[in-house]
Amino acid sequence: MNARRGARERATLASGRLQVVETRRPGPRSVRSFKILLAHDARASTCDPLARAIEDALENVEIVDASSIDDALLASATERFDACLVCLDLPPAPHGGARLASELMATNHPVVLVTRSLRWLPPDRPALQNLPWIPPDAGAAEITSAITAATSECDSMIRRRAPLPGELLDAPALRARR
C-alpha cells in the first residue's frame, strides 16, 4: 500500500511569516516545517546573518547548511526542500555557486540566489538571470518574497515536481508495509 501525501500550500500568517500547510479533505490541517537548503562558504561569515533572518521570516523552519557543492547536491538528492538558497561565494566563486544553482534548477528545485549583485553571474549561464535573488544581509520581507517567487515557479503546471528522496540516486522508493 502506498502512503499518499496531501498537496502542500503556503500560508502567510498575520505576522507576515510563511508556513507550509498540508492540505487534506475536511477537518483540521497539520502544519509542518519549511525545509530550506542554505549552500554557502562556511569559512566566510557573509551568510551568517542570513540564517538568522530566515528563522525570523519563516514559521517552523529547518535549515540544512551545506558548505560545498557536493554537500548540497547530496542533500538535494536525498531530501525534498521547499527552497534552495545558493550563495555565489561558494568556492570557486562565483562559478561554484552558479554551477550548483544550475544543477538544482535542472532537477526542478526552487532556487534563490544569494549575492549582492547579479553582475557576478557567469555569462555562460543566462537562465540564472531570471532567478529571484537576495543580498546576504536581506531582511525577513525580502526573504519571504524571494522564496515565494521561487516556489511559485515550481508550483506551475509547466515544471515537474521536485524529485522524491532517492530518485536522483536511482534508489527504489520505500513503501509502507502493513
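**Salt bridges and helix packing**

Glu79 is partly exposed, with a relative accessible area of 24% (buried being under 20%, exposed over 50% and partly exposed in between, with a 1.4 Å probe and protein chains only). The model is predicted, so that local features require pLDDT of at least 70 and side-chain atom pairs pLDDT 80 or more, whereas totals for chains, interfaces and linings use all residues. Residues are numbered from 1 along each chain as its sequence is written, and side-chain values use heavy atoms, without hydrogens or water.

The structure contains 5 salt bridges (a side-chain nitrogen of Lys or Arg within 4 Å of a carboxyl oxygen of Asp or Glu). In one of them Lys35 is paired with Glu62, their closest N and O atoms lying 3.9 Å apart. Because Lys35 belongs to strand β4 (residues 34-39) and Glu62 to strand β5 (residues 61-66), this pair ties together parts that are 27 residues apart in sequence (strands being DSSP runs of E of at least two residues, and helices runs of H or I of at least four, numbered from the N terminus). Lys35, at 18% relative accessibility, counts as buried, while Glu62 is partly exposed at 37%. Lys35 also meets Glu79 in a salt bridge, with an N to O distance of 2.6 Å. Since Glu79 lies in the loop between α2 (69-78) and β6 (83-87) and Lys35 in strand β4, this pair ties together parts that are 44 residues apart in sequence.

Arg116 is exposed, with a relative accessible area of 53%.

As for helix packing, the axes of α2 and helix α3 (residues 95-106) come within 10 Å and cross at roughly 15° (axes being lines fitted to C-alpha atoms over the stretch in contact, with angles from 0 to 180 degrees between N-to-C directions). The two helices, α2 and α3, are therefore roughly parallel to each other (angles under 35 degrees count as roughly parallel, over 145 as roughly antiparallel, 65 to 115 as roughly perpendicular and the rest as oblique). Ile69, Ala72, Leu73 and Ser76 of α2 meet Gly96, Arg99, Leu100, Glu103 and Leu104 of α3 (contact meaning heavy atoms within 4.5 Å).
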